[in-house]
Amino acid sequence: MTRPVILLPGGVLPADLAYADLIEELGAGVDTRPKDLEIYATEKPPEGYGLEVEVEGIKRHADAAGFDRFHLVGYSAGGASSIAFCSTYPERLLSLTLNEPAYGGSVGQSDAEASRWREFDRISHLPESELMRAFVRTQLRDGVDPPPPPPDPPPPWMKKRPAGVLAFIEAFPRFVLDLDALRGFKRPVLFTLGGKSHPDYYAEIAKRLATIFPDFTLELFEDRHHFDPPHRVEVKRFAELLLTFWDRAETV
């Protein structure tokens, strides 16, 4: 019997591109089902888009795969969607892996994390020509070089990303996590963190979630940042980490 896994990408790369190498490294014993974010299912973000849309999309994807319970892995916006799913349908999960989730709720945010949200709000008012560059820069530790710009011409899917980023910034704070459900989630939670990501954001989210989830493990990838994440750059180490983590989760 193969291990049921759903993989959610961030707000830029499509799931198949983001997870191709990881799926190969995990091997045939894992039934991996990458899933694109619902926000990109149409030409423009749906009117009134919220994380509820992503939550129900994950549920439909799991149902279509025949997964009653499954391991959920989410990166960035997919990580925020994964936390929201856990808050709504915790009984469906065998484990939860969060690779620098872009949002972890608003209750108990530190001053440092709140300052990042003020910066995101500022960025949301920039011209589209400046938006993506500023969005990347604000998530990196000072002195870390941003990744090179996309090829010219950019791939067709890239044209949807600026509107998607703006919709995420607006939608995340509107979603109210069920903290009681998260505190009652007894399955293991793994949080991976890049050492070169901005310390006022993802590390602060990790600290807060560690006080909420009963079984929480933090794994640091010292040389990674948000835009060269371990599932794409340190694939072997990340795959081995997941397999070991899932082995433990299935004995709980």
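A charge is said to sit over a ring if NZ of Lys or CZ of Arg is within 6 Å of the ring centre and within 35 degrees of the ring normal. This tour uses that term at its last stop.

The model is predicted: local features need pLDDT of at least 70, side-chain atom pairs count only at pLDDT 80 or more, and totals for chains, interfaces and linings use all residues. Residues are numbered from 1 along each chain as its sequence is written, and side-chain values use heavy atoms, with hydrogens and water left out.

**Stop 1: the strands**

Select residues 3-8, strand β1. Strands (E, at least two residues) and helices (H or I, at least four) are DSSP runs, numbered from the N terminus. Six of the six residues of β1 are buried, so the strand is largely enclosed by the rest of the structure; buried means under 20% relative accessible area, exposed over 50%, and partly exposed in between (1.4 Å probe, protein chains only). On one side of β1 are Arg3, Val5 and Leu7, on the other Pro4, Ile6 and Leu8.

Two strands pair if DSSP finds at least two bridges between them. Val5 has Thr32 of β2 as its bridge partner.

Next, select residues 70-75, strand β3, where six of six residues are buried. Phe70, Leu72 and Gly74 cover one face, and His71, Val73 and Tyr75 the other. Four bridges join β3 to β1, and the two run parallel; Leu8 is partnered with Gly74. Strand β4, residues 93-99, also pairs with β3 in the parallel sense, over six bridges. There, Ser95 is the bridge partner of His71.

**Stop 2: the largest pocket**

Select Val12, Met132, Val136, Pro150 and Met158, which lie nearest the centre of the largest pocket among its 42 lining residues. On a 1 Å grid over the protein atoms alone, a pocket is an open set of points with protein on both sides within 12 Å along at least five of seven lines, whereas a cavity is a set where a 1.4 Å probe fits but cannot get out; lining residues have an atom within 4 Å of a point. The volume of this pocket is about 1100 Å³, counted as the space filled by probe spheres set on the points, which are joined across faces, edges and corners.

Which element gives the most to the lining? Show α5, which supplies seven residues. By class, the lining has 30 nonpolar, seven polar and five charged residues. Here Ala, Val, Leu, Ile, Met, Phe, Trp, Tyr, Cys and Pro count as nonpolar, Asp, Glu, Lys and Arg as charged, and the others, Gly among them, as polar.

**Stop 3: aromatic rings**

The structure holds 18 aromatic pairs. Rings of Phe, Tyr and Trp (its six-membered ring) pair if their centres lie within 6.5 Å; planes under 30 degrees apart count as stacked, over 60 as edge-to-face and the rest as tilted.

Select Phe185 and Phe213, an edge-to-face pair at 6.2 Å centre to centre, with 70 degrees between the planes. The two are 28 residues apart, Phe185 in the loop between α7 and β5, Phe213 in the loop between α8 and β6. Phe185 is buried at 3% relative accessibility, and Phe213 is buried at 2%.

**Stop 4: charges over rings**

Select Lys59 and Tyr89: the charged end of Lys59 sits over the ring, 5.9 Å from its centre. Finish with Arg237, which lies over the face of Phe221, at 3.8 Å from the ring centre.
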